[in-house]
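Hi,

Here is the structure I promised to pass on.

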Amino acid sequence: MFEKVVAAPADPILGLTEAFRSDPRQDKINLGVGIYKDESGATPILKCVKLAEQKLLTDEKTKNYLGIEGNQEYARIVQGLLFGKGAELINAGRAKTAQAPGGTGALRIAAEFIARNQLSKTVWISDPTWANHVSVFQAAGLEVKWYKYYDATSKDLDFAAMQASLSEAQRGDVVLFHGCCHNPTGIDPTAAQWEALAEQSAAAGWLPLFDFAYQGFARGIEEDAEGLRIFARSHRELLVASSFSKNFGLYNERVGAFTLVAESKEVADTAFTQVKTVIRANYSNPPSHGAAVVTAVVNDPALFELWVSEVAEMRVRIREMRELLVAKLAERGVNQDFSFIARQNGMFSFSGLSKEQVARLKDEFAIYIVGSGRISVAGITRANIDPLCDAIAKVL
Ligand code: LMR
C-alpha cells in the first residue's frame, strides 16, 4: 500500500543540508542551516563541553532511565538561565521544567500540551518565522495565524504593524515570541518594545510562548533574557521552549527544555502532570547525555566561566563576519545598501535576496542559503567570504 504515499517536499532548511552533502563541487559553501563554524570552517566541540564530558565519563554510574521530566538539577539550571537565579517565580515554585529533545522537542511538547488541554486553538506566529514553526503547531492540531513583524523596505521591525495585527488575537490565544536573535530576520524588539508588548499581552490576556534558542548570541547570556524576563514580571502564566543546541554547540545531543510558569505552585504542579503524559506518549523520557553536560558545566564555576567566554567568542566572530560582509559587498560596488546586516542579531541575516537569486547562488556558485534569503552568517569565514561576496555581487 505504500505506493499510494506521495513524496513530501524537501525540508526548507535540513533538506538543503542533504542537497549540499551530495553536491560534488569542491568549493561549495553551506550557509543554510544555523550551525556555528569557527575561522577554520569547523563546528568544534566547546572546550567546556569536552572537559565536562571527561568528568562524566569517569563519574557516571548508571545508564538507568531518567524520569519522564528528565534531570531535575538540569531543570533548576534552565530556570536560572531563563529567569535569573533567585527569581521570585522560581522561589515560589511557579515554574516547572521538563528536559526535552532539543528546542523542537520542547515546542512540540508545548503545542501538544496546549492542544490536549484545550487551552487554545490558535497560535500567532511572526511573519516571517523559522520554517518549522508552522509544521510543529499544525502537527498538534493548532491553527496558525500570522502577525506582522518585518518591514522589507526599512529592513527593520515594523513595530506598529506588529502591535496592530496582534490586536486581533483573542483572550487565551497563544502568541509565539522569539526570545532573542529572531529567526530568520535577526531583528529583535528593543527593551521599550518588549515592555509595550508585555503590557498589550497582559491587558489582552494572551498566553505567551517564548522560543528561546539563541541565548548569548545577541548581547550576552543575561542580557538576551531581557524580553522574557520583562514578560515574566507582568504575567502569571507563560511557556518557554529553550535550547542549548547553539550556545553549547550540542546540536546532535538534542538538548532543550520546556518550561511552564503558572499562577501558583499548586497550579504548576497539577498542569505539569499533563505535560508528563504528553512526553510519555511521545518519547517516554529524554536521553541523558546533553543535559548532563550542561548541568556539569553550569554547576562548576570554572567551567561556567569558560562557557560564558566561549559563547562570547562565537558571538564576536559572527559580528565580525557581519561587518566584513557589509564592507566586502560595498567594495564590490553593489548598488544596495547592506549595512542592515551589521544591525541584525544572532546567526542569521535576512539578506533580501530573491528566490531566483538564491537559486542562482546554488546552481552557478554552489552556495547554499535558505529560499527566504536567510544566510547563516555563522557559516561565513575569512576563507569563504570573498567567493561569497563575488557570487552575491554577480547575482545582484
Ligand atoms: C535553523 O534554523 O537553521 C536551525 O534552527 C536548525 C533547524 O533545525 O532548522
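**What I found**

The end C-alpha atoms of residues 27–392 are 15 Å apart, and this span is 44% helix and 15% strand. Helices (H or I, at least four residues) and strands (E, at least two) are DSSP runs, numbered from the N terminus. That stretch is where UniProt, in an unreviewed entry, places the feature "domain: Aminotransferase class I/classII large"; UniProt positions are given in the numbering used here, feature names are shortened, and annotations may be inferred rather than shown by experiment.

Before going on, two notes on the model. Residues are numbered from 1 along each chain as its sequence is written. The model is predicted: local features need pLDDT of at least 70, side-chain atom pairs count only at pLDDT 80 or more, and totals for chains, interfaces and linings use all residues.

The chain is divided into domain 1 (2–45 + 313–395) and domain 2 (51–301), with bounds that come from an automatic or database domain assignment. Their C-alpha centres lie 27 Å apart. Between them, 21 residues of domain 1 are in contact with 20 residues of domain 2 (contact means C-beta atoms, placed from the backbone, within 7 Å). On the side of domain 1 that touches domain 2, strand 11 (residues 348–350) gives the most, with three residues. By class, that side has 11 nonpolar, eight polar and two charged residues. Here Ala, Val, Leu, Ile, Met, Phe, Trp, Tyr, Cys and Pro count as nonpolar, Asp, Glu, Lys and Arg as charged, and the others, Gly among them, as polar.

So where does the ligand lie? Both domain 1 and domain 2 give residues to the shell around the ligand, so it lies between them. The residues around the ligand are Ile13, Val33, Gly34, Trp130, Asn132 and Asn183, each with its C-beta atom, placed from the backbone, within 6 Å of it. That shell has three nonpolar, three polar and no charged residues.

Seven strands make an open sheet with mixed pairing, in the order 2-10-9-8-7-3-4; two strands pair if DSSP finds at least two bridges between them. Strand 2 (95–100) and strand 4 (143–148) are the edge strands, each pairing on one side only. From one strand to the next, the twist averages 25° (axes are lines fitted to C-alpha atoms, for helices over the stretch in contact, and angles run from 0 to 180 degrees between N-to-C directions). Helix 7 (residues 159–166) packs on the sheet and touches strand 3 (122–127), strand 4 and strand 7; its direction makes about 145° with that of strand 4. Strand 7 (residues 174–178) and strand 8 (residues 207–212) run parallel, joined by five bridges. Leu176 has Leu209 in strand 8 as its bridge partner.

Most residues other than glycine have a negative phi, and most peptide bonds are trans. The bond from Asp127 to Pro128 is cis, with omega near 5°, and Pro128 sits in the loop between strand 3 and helix 6 (133–139). The bond from Asn183 to Pro184 is also cis, with omega near 20°. Pro184 is in the loop between strand 7 and helix 8 (191–204). Cys181, found in the loop between strand 7 and helix 8, has a positive phi near 55°.

Conventions: Two residues are in contact if their C-beta atoms, placed from the backbone, lie within 7 Å.
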